[in-house]
Amino acid sequence: MRPNTLYIVVPCYNEEAVLPETAKRLRAKLEALIALGQVSSRSRVMLVNDGSKDATWAIISALHRDCPLFSGVDLTRNRGHQNALLAGLMTAKARGDLVISMDADLQDDIDVVDEMVAKYHEGCDIVYGVRSSRKKDTFFKRFTAEGFYRFMNVLGANVVFNHADYRLMSKAALEGLAEFKEVNLFLRGLVPMIGYTTATVEYERGKRFAGESKYPFKKMIAFALEGITSLSTKPIRLITALGFLIFLVSVAMLVTFIAQWAMGMTVVGWASVICSVWAIGGLILLSLGVIGEYIGKIYLETKQRPRFLIREVLDTEE
């Protein structure tokens, strides 16, 4: 039986500083797997240019010219990490039997690819790369990241703890992912919905080799909100429960005030009234904001805009 074809999909946005080293290490890993007969010689490293403003696409084009192991996908404009990753996955789906996705910054341990491929040969369709620890992170980073995963699970979004987008997916799993048509993407939550046989492999995440992080604090918050509102409707249900609770409190307060009036007691405390007004007003605005977020997503979904547009594909299989 011939070896299966592996595609390693790497989204790239302004990665000219790290891309040469990333390409060097991925090429060595792929050549080793081919030499061992673990994957086919038709296997490729697919670099996806997400509308970069630097020389990223020029580097990808040069890598493709110099070595057939590299292929490239050039998006027409910047569409964000999740859409760029999906573009690579869907392009590789028609070419490979299994696909591994990872970031270009070399923080994901490339040697774990061997374990993922081994799990695939054992019959797993999805293999998650999971961080073994967060000792290298700052306290704030560790606290917020782990809190995010726990909060997502509390809200009913089934995400794998300490897993980002370093994973292996078989062709069957990719076919399942292609059935999800939503525009608002959060792949960490969508992939577990597919099903099939899954496994995890642990690794120690390193520091970025070069360049700057593409996820500053502001983007991390936006990404977290995108994930929560894309996968769960519990925030709206919590608003309903909170509104019902406030209604019960107001009824209890009304009964108390009537009883005090009947007993001839004067109700005092303008401060408490003002605080109540501010609290209720704030909750109303917060509730409108959450509902507005969901309505905005519905609006974008109904337009059915393309999640990505590809300008060019470089692949020797073409």
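A: Helices (H or I, at least four residues) and strands (E, at least two) are DSSP runs, numbered from the N terminus. By that count the chain has 10 helices and 8 strands. This is a predicted model: local features need pLDDT of at least 70, side-chain atom pairs count only at pLDDT 80 or more, and totals for chains, interfaces and linings use all residues. Residues are numbered from 1 along each chain as its sequence is written, and side-chain values use heavy atoms, with hydrogens and water left out.

Now the sheet. Two strands pair if DSSP finds at least two bridges between them. The 8 strands form an open sheet with mixed pairing, in the order 7-5-6-4-1-2-3-8. Strand 7 (198–203) and strand 8 (310–314) are the edges. Each has a single partner strand, so one side of each lacks a neighbour in the sheet. Neighbouring strands are turned by 20° against each other on average, direction ignored. Axes are lines fitted to C-alpha atoms, for helices over the stretch in contact; angles run from 0 to 180 degrees between N-to-C directions.

Strand 1 (residues 6–12) pairs with strand 4 (residues 98–101) in the parallel sense, over 4 bridges. Ile8 stands opposite Ile100 in strand 4.

Contact means heavy atoms within 4.5 Å. Helix 7 (residues 187–194) packs on the sheet, touching strand 5 (126–131) and strand 6 (163–170). Its direction makes about 35° with that of strand 6. Helix 1 (residues 19–35) lies across strand 1, strand 2 (44–49) and strand 3 (70–75). Helix 1 runs at about 170° to strand 1.
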